[in-house]
Amino acid sequence: MAQPQPELLFVYNADAGLLNGLLDAVHKVVSPGTYACSLCALTYGATSMRPEWREFLRQLPARTTFLHRNELPRQFPELAAVALPAVFRRPVAGSWQLLLAAPELQALDLAGLMQALQDKLHLPAE
């Protein structure tokens, strides 16, 4: 029988929706330095998830959920006051814990994000 897995919750500092997605894609291309979501910028190109990030997520021993800032208060009101973007972890039997805060995410590149997650989740390096 499969072992229960912890959960990871990635919350973007961007709103959900087709129009918002299009505006974000344009913003990332036209003015990447002023784009407000470092998590989006790290894990997505202009329109799609970076392949190395997708593969990393596929191999994680955790369930992953992705939300936008306008979805967070409705689904997890207890987390709504946290500065975004952010990554949270919930152990199998526990409550959400902040794993990576906005300032930490701002300082990372994609390789650094993957390494930080491996370190914080105590996973062996690939």
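**A guided tour of the predicted model**

Begin by selecting Arg58, which lies in helix α3, residues 51–59. Helices (H or I, at least four residues) and strands (E, at least two) are DSSP runs, numbered from the N terminus. Arg58 is exposed, because its relative accessible area is 59%. Buried means under 20% relative accessible area, exposed over 50%, and partly exposed in between (1.4 Å probe, protein chains only). Now show the side chain of Glu55: the side chain of Arg58 makes a polar contact with it at 2.6 Å. A polar contact is a pair of N or O atoms within 3.5 Å; within protein, one must be able to donate a hydrogen and the other to accept it, and residues adjacent in sequence count only if both atoms are side-chain atoms.

Two remarks apply to the whole tour. The model is predicted, and local features need pLDDT of at least 70, side-chain atom pairs count only at pLDDT 80 or more, while totals for chains, interfaces and linings use all residues. Residues are numbered from 1 along each chain as its sequence is written, and side-chain values use heavy atoms, with hydrogens and water left out.

**The whole chain**

Display the chain as a cartoon. Its secondary structure comes to six helices and four strands, and from the N terminus on the elements run β-α-α-α-β-α-β-β-α-α. Of the 126 residues in the chain, 40% are buried.

**The sheet**

Select the four strands next. They form an open sheet in the order β2-β1-β3-β4, with mixed pairing. Two strands pair if DSSP finds at least two bridges between them. The edge strands are β2 (63–68) and β4 (97–100), each of which pairs on one side only. Neighbouring strands of this sheet are turned by 30° against each other on average, direction ignored. Axes are lines fitted to C-alpha atoms, for helices over the stretch in contact, and angles run from 0 to 180 degrees between N-to-C directions.

Move to β1 (residues 7–12) and β3 (residues 86–90): they run antiparallel and are joined by five bridges. Which residue of β3 is the bridge partner of Leu8? It is Arg89. Further along, Phe10 has Val87 as its bridge partner in β3.

Keep Arg89 selected and turn to β4, where Arg89 stands opposite Gln97. The strands β3 and β4 pair in the antiparallel sense over three bridges, and they form a hairpin with six residues between them.

**The aromatic residues**

Colour the rings of Phe, Tyr and Trp. The structure holds five aromatic pairs. Rings (for Trp, its six-membered ring) pair if their centres lie within 6.5 Å; planes under 30 degrees apart count as stacked, over 60 as edge-to-face and the rest as tilted. The rings of Phe10 and Phe66 are stacked, because their centres are 4.9 Å apart and their planes stand at 15°. This pair links distant parts of the chain: Phe10 is in strand β1 and Phe66 in strand β2, 56 residues apart. Phe10 counts as buried at 0% relative accessibility, whereas Phe66 counts as partly exposed at 27%.

Select Phe76 and Trp96 next. They form an edge-to-face aromatic pair, with 5.4 Å centre to centre and 80° between the planes. Phe76 lies in the loop between α4 (72–75) and β3, and Trp96 in the loop between β3 and β4, so the pair ties together parts that are 20 residues apart in sequence. Phe76 and Trp96 are both buried.

Finally, show Phe10, Tyr12, Trp53, Phe56 and Phe66 together: they form one aromatic cluster.

**Thr43, the last stop**

Select Thr43 in helix α2, residues 38–43. Is Thr43 buried or exposed? Thr43 counts as buried, because its relative accessibility is 1%. Its side chain reaches the backbone oxygen of Leu39 at 2.8 Å. Now display the surroundings of Thr43: not counting residues up to four places away in sequence, Thr43 touches Tyr12, Met49, Arg50, Trp53, Leu110 and Leu113. Contact here means heavy atoms within 4.5 Å. Tyr12 and Trp53 are also among the members of the aromatic cluster.
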